[in-house]
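User: I'm new to this structure and would like to learn how to read its features. Could you take me through them step by step?

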Amino acid sequence: MAEAHSAVAFSFAITHDGWDVNFDREVLYLVWESGIRSWKKRLARFRNSIHNGVYPGHLQSLYFLWTVLVAAHFGGVNIPFGLVQKALTILPGASPMWQVIACLLAALTMWLSVIFLMRYLLKLLLMYKGWMYESRAPGSKISMKTMLWASVVKVLSGWNKPRLYSFQGSLPRLPLPAVKDTMRRYLLSVRPLLDDENYRRVERLAQEFEETIAVKLQRYLVLKSWWSSNYVSDWWEEYVYLRGRSPLMVNSNFYGTDTLLRPTSVQAARASTIIHFCLKFRRLIERQELEPIMLQGMVPLCSWQYERLFNTTRVPGVETDKLVHYRDSAHVTVLHRGRYYKVLVYSRGRLLNPAEIQVQIQQILDDEAEAGAGEARLAALTAGERSHWAHVRQTLFNRGHNRTSLHCLERAAFHVCLDDIEYGFDEADSAKLDRYGRVLLHGSGHDRWFDKSFNLCFSTNGSVGFNTEHTWADAPVMGHLWEYVIWSELEYGYDESGDARGAVEAPPPAPVRLRWELSEPLLAAVEQSHAVATQLLNDVDLRILMYTAYGKGFMKSCRVSPDAFIQMVLQLAYFRDAGRFCLTYEASMTRLFREGRTETVRSCTLESSAWVRSMLDPTATVEQRMSLFVQASNRHQLGYQDAMAGRGIDRHLFCLYVVSKYLELESPFLQEVFNEPWRLSTSQTPHGQTSMLDLKKYPKCVSAGGGFGPVADDGYGVSYIIVGDDTLFFHVSSKISCPITSSSNFVRQIEKSLQDVHDLFAEFKRKKGK
């Protein structure tokens with residue numbers, strides 16, 4: 001194993017004999033390579049900025065127009081608006097060469113005018129959201145308005161193959177709802193949660209707020225919506241994430257699991273192949289060769305969040321953290337048995353192949369050196385309180401080996417954890433699946449660098465998962481990376497012995513052990529953070545349910561949105577578990593708008609509560625229950641569509657609250673809103689965002705999804721994924737210290753509710769068929 005050593009690329013000294021010059025050819029070559037890579041990336045960024053700036057046009061169309069104008073001009077045809085003649089008046093001559101240049105200027109003027117007209121027209125068209133509200137059920141018809149809109153959008157966006165950021169300039173801004181509309185939607189959402197007296201009280205507070213300070217607060221939001229790209233996202237990132245002082249572990253970071261199909265059981269081979277394809281995905285982002293996600297094949301989603309997927313870390317601050325993104329990184333960092341390593345993944349101007357990276361990973365696994373005293377628990381600093389970590393970072397990581405090694409960790413493309421334990425998916429043993437989720441969510445509290453944009457975690461049996469810091473992006477972006485990596489891995493494959501494929505023509509750069517100066521104050525600080533992390537992770541009650549009785553196929557046959565179907569099941573399960581309804585959070589995306597992130601769908605509605613009560617009412621008929629279920633599902637789907645279209649409730653209220661704090665204005669209504677806990681926080685894990693996954697070829701190439709910790713101390717965090725026609729996964733978390741919650745009991749209620757809804761539809765169809 002190579003150790004860190006001092007190397008001087010170039011030095012000189014003056015002696016009695018003259019100049020004494022020394023240089024290290026290898027180090028100078030590495031510097032040269034780094035410079036070449038940097039300039040190549042700058043050139044690629046410049047080329048892509050030109051391409052994106054003129055999209056949906058193409059430079060070839062400019063050349064064609066220039067040729068036509070030159071031919072027309074010298075053929076005696078008048079150019080519209082006399083553009084060539086006007087251009088000649090500002091040029092120093094009128095020779096044939098200057099006339100050709102004048103034709104170029106005229107062509108450029110005409111071309112840019114058309115391009116910007118097309119971009120503006122495309123932005124206006126993308127403001128239309130009526131297509132989302134039209135039914136796509138078999139037999140339903142699309143309106144003529146939407147058909148015409150879709151045709152024009154396809155014409156305007158189909159000229160040229162889009163790159164990752166091609167549509168950014170054409171995406172509309174997130175609309176700012178009227179206060180009156182938000183108040184109406186809010187009161188409707190809380191009605192099933194309040195008795196008549198409390199509802200009238202909240203209604204009075206809302207009316208008072210709307211007629212008084214809301215007018216002033218809304219004016220500031222109007223100004224912000226005009227001035228900024230998105231009136232929510234920057235404040236959401238700062239106040240919801242960066243200013244949070246509680247630990248990232250469990251409270252903020254989320255995790256994702258492996259597929260049911262594990263292609264190799266060799267830890268080093270699996271790690272090297274996954275690392276390689278993650279870096280290939282990064283190259284696709286840097287070159288913008290990754291196509292943007294398109295809804296219905298024509299409506300683009302914002303790609304802004306991809307910028308910070310790699311080379312990103314969250315740096316702790318005493319009052320607020322900051323997110324730092326580095327332009328480039330040629331290495332990853334690896335943690336194994338408490339020891340940290342820097343692994344260069346580029347050599348001789350190219351990305352190392354999986355077999356070469358496996359050599360490096362195996363060197364780490366074979367290293368018998370022990371971790372230094374306290375080194376194994378060093379990452380606990382990132383799992384503890386943020387202000388404590390900020391103070392330690394400022395005072396004990398500001399010089400020497402600590403500063404150098406921390407800088408290396410933070411600049412890495414991402415962080416890799418080679419765990420010394422076995423975990424993974426096991427259909428026959430649900431306890432192993434629960435343990436798998438816990439390992440990825442929090443590990444031991446000191447074996448993940450929770451500040452990094454994401455950690456890749458590898459089991460000794462080849463299973464893989466990830467832990468992701470939430471500030472920089474939301475789950476769909478990480479899901480896109482995961483789909484690409486898993487599919488590419490299966491297509492690339494492994495050799496007969498399970499090792500990574502590829503030729504190792506020369507020894508790759510050896511891993512370099514990172515060094516730390518572990519003083520007594522630092523060790524004490526680490527132990528303090530570790531105690532906080534241990535207490536937190538020991539309080540997590542996590543259960544993962546694999547449900548195989550039915551899946552998306554049955555839900556589709558019922559002509560119900562699968563997401564609405566699951567949300568109704570969760571409402572029924574929670575009422576059975578808690579004996580009451582609660583404020584329910586479901587995350588919806590707003591990436592149809594520039595720099596959009598998420599909006600809240602309030603799943604507990606008047607319609608859903610009426611259906612739940614009917615399911616527990618022995619006098620209710622099957623027809624009544626079915627009618628109420630359809631009404632509740634349709635209402636939920638409408639709420640989801642409103643959230644995606646920028647007509648949500650909670651982000652608008654959040655921004656009004658932020659402005660009120662800036663202006664030091666107290667609002668009893670806003671205090672009421674933000675004192676309400678989200679006792680049921682839910683999220684659907686995206687699946688099949690791209691067309692890469694071929695489940696017919698690899699039916700087991702489906703992930704169990706991922707999960708997150710509970711949002712409220714007395715509530716549940718529920719993540720679910722619909723992975724096929726007959727499989728569902730639920731990740732349920734709560735706190736052991738809460739006497740009224742139990743993840744195991746909630747999972748049982750989910751299973752019972754799923755079966756009851758299935759029986760409801762079966763009985764309805766049986767009666768209808770008579």
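User: Which side chains meet Asp650 in a salt bridge, and how do I read such a pair?

Analyst: Side chains of opposite charge can pair when their charged atoms come close. A salt bridge here is a side-chain nitrogen of Lys or Arg within 4 Å of a carboxyl oxygen of Asp or Glu. Asp650 pairs in this way with Arg602, at 2.7 Å from N to O. Asp650 sits in helix 21 (residues 650-662) and Arg602 in strand 18 (residues 598-602), so the pair links distant parts of the chain, 48 residues apart. Helices (H or I, at least four residues) and strands (E, at least two) are DSSP runs, numbered from the N terminus. This is a predicted model: local features need pLDDT of at least 70, side-chain atom pairs count only at pLDDT 80 or more, while totals for chains, interfaces and linings use all residues. Residues are numbered from 1 along each chain as its sequence is written, and side-chain values use heavy atoms, leaving out hydrogens and water.

User: Are Asp650 and Arg602 buried or exposed?

Analyst: Buried means under 20% relative accessible area, exposed over 50%, and partly exposed in between (1.4 Å probe, protein chains only). Both Asp650 and Arg602 are buried.

User: Which residue forms a salt bridge with Arg448?

Analyst: Asp419 does, with the closest N and O atoms 2.9 Å apart. Arg448 lies in the loop between helix 14 (430-441) and strand 13 (454-458), and Asp419 in the loop between strand 12 (415-418) and helix 14, so the pair ties together parts 29 residues apart in sequence. Arg448 counts as buried because its relative accessibility is 0%; Asp419, at 7%, is buried too.

User: How many salt bridges does this rule give?

Analyst: The count comes to 33.
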